[in-house]
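Here is a short report for a first look. Please view the structure, then read on.

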Amino acid sequence: MADATLTRGRLTGARGARGTGGRRRSVRSAENLAGWLFVAPALVIIGLFVLLPILMALWVSITAWNGQGSPFTGSVEVVGLENYTRLFTEEGLARQDFMTSLRNNAYYVLVVVPLQTALALGLAMVVNARLLKGKTFFRTAFYFPSVTSSVAISVVFLFIFANSGVVNGLLAMFGVQGPMWFSDSRGVLHLLLDGIGLADIDDPPAMLTESGPFGLSWWEWLSGPSVAMCSIIVLNVWTTSGTFMLMFLAALQNVPVSLEEAAMLDGANRWQRFRNVTLPALRSTMFLVLTLGVIGTWQVFDQIYVMSQGNPAKTTLTPAYLSYRTAFRDFDYGSGAAISFVLFLIIVVLTLGQRLLLRERGGRS
Amino acid sequence: MTGAHVRAVRKGQARTIAGSFAGYAVLVFFSLVFLYPFVIQVANSFKTEPDAAANPISPIPSPVTLDGYEKIFQATDLPTWLGNSILVTVLVTVGRIFFDSLAGYALARLRFRGRGAVFATVIAVLAVPGVVLLIPKFLVLNQFGIYNSYTALIVPLLADAAGVFIMKQFFESIPVSVEEAARIDGAGTFRIFWSVVLPMARPALITLTILSFQGSWNELPHTLVAVQDPELFTLPRGVAELVTGSLGSGTQYPLKLGAALLATIPVAIIFVIFQRYFIRGANEGVDKG
Amino acid sequence: MTRRTTTALAAAAAACALLAAGCGSGFEDNPASTPQSSGPAKLQILIGSSGEAETKAVQDAAAAWAKATGNSATVIPAQDMSQQLGQAFAGDSPPDVFYVEAGRFADYASVGALEPYASKISDSEGFYESLRNTFTFNGTYYCVPKDFSTLGLVINTELWKKAGLTEDDVPTTWEEFTSVAKKIKDAGITPLVVADTRDRLGAFMKQAGGWITSPDGKQATADSPQNLQALEYVQSLLKDGLAVYPSAVDAGWGGEAFGKEKAAMTIEGNWIKGAMKADFPDVKYTVHELPAGPAGKGTLSFTNCWGIAAKSKYKEQAISFVEAMTTVDQQMAFAKAFGVMPSRTAAADAYSKEFPEDAAFLKGAEYAQGPVNAPKMESVLVDFDTALQKLKDGDPKQILSRLQENTKAALGG
């Protein structure tokens, strides 16, 4: 949109400044050439390594290519949409694994996004408080984890959450015996239900285990993230809160102080000030943080690859990792590609849906 | 009214002191939470294995030992990984600065046919989640016959849509008059770009440098599909293999933590020095939305 | 997007696709026609090493062969064999020689990645029959087994004594095992640590008389009553605290837990010898045959073969290399270096003379069950392992019926 106005503006400007038609044409064609030359390298690289791969993958996803030879020869079996339908309608391991990965990732998103948003916002507000000093130090401290490599952090957290590691050591100080984080595949919701006595985790109600949609029983769908997944959740909240905190901080610093003071004079208490002055000002940043959060959490891969590889009991299996494993270990590139496209679709749908929802709520942001 | 005002302010003041205390407490607590894992990492990399296993929380090794680091240099290929990381990061960063700013400038200032289409492509690419590209990138690298080579490791990363976007945004904010003046003086397009506009883009370039450095230094998924020869491993890939591969049997934590630490140090140093620009880079994301 | 931009994008996409198809040099479509390169060969050998000892031994042997034949041979230990081989096969130049895990053999053979050279090796029948069968696909004997290991019951002599047990108490049946384990538990020691994978617990299935597939590998037999009996037995051990998984005692595998003396017994294979010698040299232990189940003795065998890539440019030299690696003397050298058993029957006597303490492992060759070698079973077996991880609180019947369904689907039956 901005682009179009700019073009239009420049056209009128150019017409005014450039004079005769002949000279304009040669200048414009020189500029045309320059323009294409300038974008060429970036465009070639992006085209070759983003666009082209997507097209190739689309092709492979409708075949049963097994990794030997070129996928474009005639000997490659075309199976149409079978790789996709197998993920949704055909009973079997493929669907089970895919649904399990969806379930795991969905719980992960549901926990991580609110947590990291709330933490980021809370920290931003505290750091922003006018009366507190040392902003730069705290800002740096909170942002630092986001900068380091996820692999390095995963190694540290593997150590921290080891059975006799830091976390369990700290819990022991309070007399709590920590679980064996990476071997514990019990779902948090299951444990909760077990704790309040609604269901026995070792003997779940038959009604829930007998049937269920898409190949997983209702009981399995209701598992919540597993204990092992929780350690990965902690890792990611810890890593990404800093980045989002910075965004909130920047937005908060744009809230005019006079507005806050006026509200205070009017007798508004802290909570009312927050709801009516601060939150509305943060609307667009909030939207951005939520969107980036959703997109990022649906793609979680590095940590799974380094820390758990889907274990224990497939409770840390995510669609991104499943796609990778299906292609590179099971040599089923068609299925792997199909999984990654379904994931792409999910992310796009969720992002658009979020845009719609938040737009309806409060007018154009 | 004045009385009430004074009362409100005084009440506010009292609340403020308590509030400050609470505020500081929160900040300090979370600083510990965010920084202590690094303390643990450093401390434990200097411990012996039994010590690390027995006293993981303690920030003080007893005894202090360089065993872990010795093993790193003997049993792993860390120097190779480091060399590869440096090579890849430098080339990718330079490449991105150059290509992204060229493209960004063209999209911002040059009129050429199809500009709209190119820009739309850039935006579309921004929307593609990175993970979806894992398998497809492998297919393309294979098809071009460059799989498992430095070319595969570096070339696909030489330009990125986000960088193009950032540069375009920035160039659009430079007043047109500057370029008009240079053009009247008879400078060609590239001259204008190189000698007039680019120097003015310092802040954005630094941001781009930081983002590229950080992105390519820490990159893992791309290295998984681009290479498999251990000679071509970068630091993230090497450390990942250290943990998951056959070298990872047994829980040799000081070794692994030490390797992870060595992988982190360069970024940490650059971060501390160039904080301002990292933070600006994060805020560019606000505009991206 | 305007129509013009859409057309522009489409044109760009089409151009890219054409470019790619034209530049498609990454795939060799006809491996059989790969020209045999003349001159000294540069062999690339990819191994899935069990540790430094193995890497060094293979490198030394390769160097010796290279010197003797005037070629060059580079040995590379793989980090993740499956992944690296998989990606290598999709590419243009896979390693010439590589280890092929028995469990993945069928996958590779079925996609034509392996060269069926086995009959070209001298005395190609002189290997144990079960091992040869493991590497036969669709009637063709593809590659020669390089060595093998079986599972045995490894007992920590000190902890054994501490529990008041003697040589005579070594269990030979499931019942004896249970009672011995109870005695050890009463002495405050964890009786058995065993890994939570079919590659260990499968031995119980064999001992009960069952297995995942039929002997010819074409039918799924997972949900048999024998398998159920085996899993229920293991579950009872787990529930009564007579057996634990390595992760429960903070170890990566059974050998590590055993070496750290977290348990008195473990079920592991020959490779434990090397690990114990290197990492836990002070722990004294003995090896015995696994206790027999209702159907008699049973154990699992593990083997790799020397695979030669169908796309290799140096097939002749590769075969010569494998020939050199599988002589009785070379196999004995490997056995001494990193504790595997020679796959040639002719080496059995020399081996039992050299390593009398491994008699139990060697005996296992007579009643061992090889890995499942049907293609596309990997994810099924991974799923089975996942279920076994939860065996303690799980339902064995359900685990087996799920395994049955998945196996049937994979075998296409």
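## Chain A: surface and make-up

Accessible areas here come from the Shrake-Rupley method with a 1.4 Å probe. By that method, chain A has an accessible surface of about 16100 Å². Carbon and sulfur atoms hold 64% of that surface. The model is predicted.

Chain A has 16 helices and zero strands. Its length is 365 residues, and 52% of them count as buried. Take the contacts in chain A with a separation of 6 or more: residues 24 or more positions apart account for 67% of them.

## Chain C: surface and make-up

Chain C contains both kinds of element, with 17 helices and 13 strands. It has 413 residues, and buried ones make up 55%. The accessible surface of chain C is about 16900 Å². Of this area, 52% belongs to carbon and sulfur atoms.

Contacts in chain C can be sorted by separation in sequence. Among those between residues at least 6 apart, 75% join residues at least 24 apart.

## The largest nonpolar core

The largest nonpolar core holds 179 residues. Four of these touch the most other members: A:Phe301, A:Tyr305, A:Tyr333 and B:Phe171. Helix α11 of chain A, residues 227–252, gives the largest share of this core, with 15 residues.

A:Val60 lies in helix α2 of chain A, which covers residues 21–61. Is A:Val60 buried or exposed? It counts as buried, because its relative accessibility is 0%, and the cut-off for buried is under 20%.

Residues up to four places away in sequence are not counted next. A:Val60 touches A:Trp65, A:Pro71, A:Asn83, A:Tyr333, A:Gly334 and B:Leu139. A:Phe72 is twelve residues from A:Val60 along the chain, and their C-alpha atoms are separated by 8.7 Å.

## A helix pair in chain C

Helix α8 (residues 198–208) and helix α16 (residues 378–389) of chain C pack with their axes 10 Å apart. The angle is about 80°, so α8(C) is roughly perpendicular to α16(C).

From α8(C), the contact is made by C:Arg198, C:Leu201 and C:Met205. From α16(C) come C:Leu381, C:Val382, C:Phe384, C:Asp385 and C:Leu388. By class, this contact has six nonpolar, no polar and two charged residues.

Key: Residues numbered from 1 in each chain as written. Chains lettered and ligands numbered in written order. Predicted model: local features only at pLDDT ≥ 70, side-chain atom pairs only at ≥ 80, totals over all residues. Heavy atoms only, no water. Core = buried A, V, L, I, M, F, W, Y, C linked by side-chain atoms within 4.5 Å. Buried < 20%, exposed > 50% of the residue type's maximum accessible area, 1.4 Å probe, protein only. Helix = DSSP H or I, 4+ residues; strand = E, 2+ residues; numbered from the N terminus. Contact = heavy atoms within 4.5 Å. Axes fitted to C-alpha atoms, helices over the stretch in contact; angles between N-to-C directions. Parallel < 35°, antiparallel > 145°, perpendicular 65-115°, else oblique. Nonpolar A, V, L, I, M, F, W, Y, C, P; charged D, E, K, R; others polar.
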